[in-house]
Amino acid sequence: MKQHEQFPLVPISRGDGIWLVDEDGNRYLDAVSSWWVNLFGHNNTRIKDAIKLQLDTLEHVMLAGFTHEPVVALSEKLAKLTGLGHAFYGSDGASATEIALKMSFHYWRNTGKPNKTKFVSLQNSYHGETLGALGVTDVAIFKDTYAPLLMQSAQMPSPDFRLAETEESAENYAMRCAEALQNYFAAHHHEIAAFIIEPLVQCAAGMGMYHPIYMARACEICTQYEVHLIADEIAVGFGRTGTMFACEQANIKPDFICLSKGITGGYLPLSAVLTTDEVYQAFYDDSTIRGFLHSHSYTGNPLACSAALATLAIFESDNVLQTNLEKAAAIWAKMQVLTDLPIKHLRHQGMIFAFDVVTQNAQFSKQCYQAALQQNLLIRPVGNTVYFMPPYTITFDEINTMVTAAYQAVKNSI
Ligand SMILES: *Cc1c(COP(=O)(O)O)cnc(C)c1O
């Protein structure tokens with residue numbers, strides 16, 4: 001709060017495609033998709049119209065004992081896309097994590113393995129900040145204050161390629177991390193319920209990218225040791241990594257997939273946990289307490305579901321993943337100008353782009369953010385990592401504008 005005396009809030013009055021417009025009429029290119037939620041620009045006609053249409057029919061009804069068309073249609077679409085046929089809805093990413101953790105734990109109780117109660121995540125992981133989700137998150141600044149409140153979990157070495165030895169390939173490093181996972185599971189699998197990971201990119205850790213072989217190996221190891229694999233695709237889902245879901249790049253089918261953020265194109269809060277027939281069956285019983293009792297008032301909200309359906313319709317009609325390949329190539333080509341600056345680990349995965357700035361300036365991230373605003377660009381460096389995760393509607397002109405402004409902002413703050 002106090003820091004805002006130096007960094008005044010920016011009052012945004014409207015959105016216009018990739019641009020945010022403040023009350024004085026200044027425009028900011030939203031290169032972080034308003035914290036990774038926006039896919040097709042602000043004030044998008046198709047998503048907006050779908051919500052308006054739904055608003056004239058049914059704004060909300062409880063999903064207990066009742067159902068409605070948008071939630072059924074969305075569940076069927078998500079099932080087709082993920083190969084996981086059962087959906088449970090929440091309203092934000094952290095609650096999706098909570099749902100997946102609870103469901104995994106409860107599955108093992110229902111199937112006669114009540115000792116499987118522990119969770120494992122990766123070093124530098126981020127899965128949300130409610131108490132359960134924070135328990136499997138590994139970011140000290142969010143976690144340390146609340147440590148006495150949190151459930152204990154184990155962290156495995158992160159395959160983030162920046163952590164590899166010099167000379168070591170991304171693939172070899174990923175295999176080395178997978179070996180550590182295997183050793184841990186060999187010793188502890190009887191008490192582990194699930195392993196939760198962010199597939200391909202650990203976004204909150206500063207866009208830590210890794211080789212897909214890690215996911216393939218992790219999935220095999222989980223199967224071998226009867227541990228659930230929870231894929232937290234909250235940030236990376238819906239095309240960010242180049243494929244619809246990051247898991248596709250390792251050809252794996254996890255036991256749970258958590259989705260949120262881009263699911264509604266950034267319009268309304270919604271999250272979903274997708275799971276398998278096998279998990280579903282473990283809760284299918286006459287006894288109420290063997291059911292999954294997770295009450296959530298706004299579960300499957302029709303307005304949010306209709307925004308999600310409109311978002312998925314854009315993917316289908318506009319050949320989005322294909323077009324993104326060209327845009328990603330253009331952004332990557334343009335970003336090569338940044339190699340003039342003192343940076344390392346210039347990297348990208350699909351439509352996520354990042355580099356780490358080498359500087360002694362301890363205030364780099366705040367100053368760079370501020371310098372970028374002066375260039376009409378919204379970026380939010382994570383420590384010394386500068387990244388772009390723009391809406392997919394970015395044009396080739398806007399790509400130039402974005403990278404040029406970032407170049408100046410970095411140069412002015414190192
Ligand atoms: C943002 C994020 C979450 C938490 O989502 P919220 O909606 O902010 O609670 C969880 N996991 C990952 C990977 C995220 O990026």
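Buried means under 20% relative accessible area, exposed means over 50%, and partly exposed lies in between, with a 1.4 Å probe and protein chains only. By this rule, both Arg-347 and Asp-356 are buried.

This is a predicted model, in which local features need pLDDT of at least 70 and side-chain atom pairs count only at pLDDT 80 or more, while totals for chains, interfaces and linings use all residues. Residues are numbered from 1 along each chain as its sequence is written, and side-chain values use heavy atoms, with hydrogens and water left out.

**Domains**

The protein is divided into domain 1 (2-30 + 319-411) and domain 2 (49-317); such bounds come from an automatic or database domain assignment. The centres of the two domains, taken over C-alpha atoms, are 27 Å apart. Contact means heavy atoms within 4.5 Å. In this sense, 19 residues of domain 1 touch 21 residues of domain 2.

**Nonpolar cores**

A nonpolar core is a set of buried Ala, Val, Leu, Ile, Met, Phe, Trp, Tyr and Cys residues joined through side-chain atoms within 4.5 Å. The largest one has 108 residues, and those with the most contacts inside it are Leu-78, Phe-185, Phe-195, Met-207, Tyr-214 and Phe-238. Helix 10 (residues 302-318) gives the most to this core, with 9 residues. Both domain 1 and domain 2 supply at least three residues each to this core. A second, separate core of 22 residues includes Leu-101, Trp-108, Cys-258 and Ala-282.

Leaving aside neighbours within four places in sequence, Phe-238 is in contact with several residues, among them Leu-39, Leu-78, Met-244, Leu-312 and Tyr-392.

**Helix 12**

Helices (H or I, at least four residues) and strands (E, at least two) are DSSP runs, numbered from the N terminus. In helix 12 (residues 364-374), the buried residues are Phe-364, Cys-368, Ala-371, Ala-372 and Leu-373. Their cover includes strand 3 (27-30), strand 14 (352-357) and helix 13 (396-411). Helix 12 is followed by Asn-376, whose phi is positive, near 60 degrees.

**Salt bridges**

A salt bridge is a side-chain nitrogen of Lys or Arg within 4 Å of a carboxyl oxygen of Asp or Glu. The structure holds 10 salt bridges, and the table gives some of them.

| Pair | Closest N and O atoms |
|---|---|
| Arg-162 and Asp-356 | 3.1 Å |
| Arg-290 and Asp-285 | 3.0 Å |
| Arg-347 and Asp-356 | 3.2 Å |

Salt bridges that share partners join Asp-160, Arg-162, Arg-347 and Asp-356 into one network. Arg-162 forms its salt bridge with Asp-356. Arg-162 lies in the loop between strand 6 and helix 7 (170-188) and Asp-356 in strand 14, so the pair ties together parts that are 194 residues apart in sequence. Arg-162 is buried, as is Asp-356.

The pair of Arg-290 and Asp-285 is placed otherwise: Arg-290 counts as partly exposed because its relative accessibility is 29%, and Asp-285 counts as partly exposed at 40%.

**A surface patch**

Patches are made of residues with over 30% relative accessible area and no salt bridge, where like charges are joined within 9 Å and nonpolar side chains (Val, Leu, Ile, Met, Phe, Trp, Tyr) within 5 Å. Accessible areas come from the Shrake-Rupley method with a 1.4 Å probe, and for residues only the protein chains shown count as cover. Leu-131, Tyr-146 and Leu-149 form a nonpolar patch on the surface, with about 310 Å² of accessible area together. Leu-149 lies in the loop between helix 6 (140-143) and strand 6 (154-156). Leu-149 counts as exposed because its relative accessibility is 55%.
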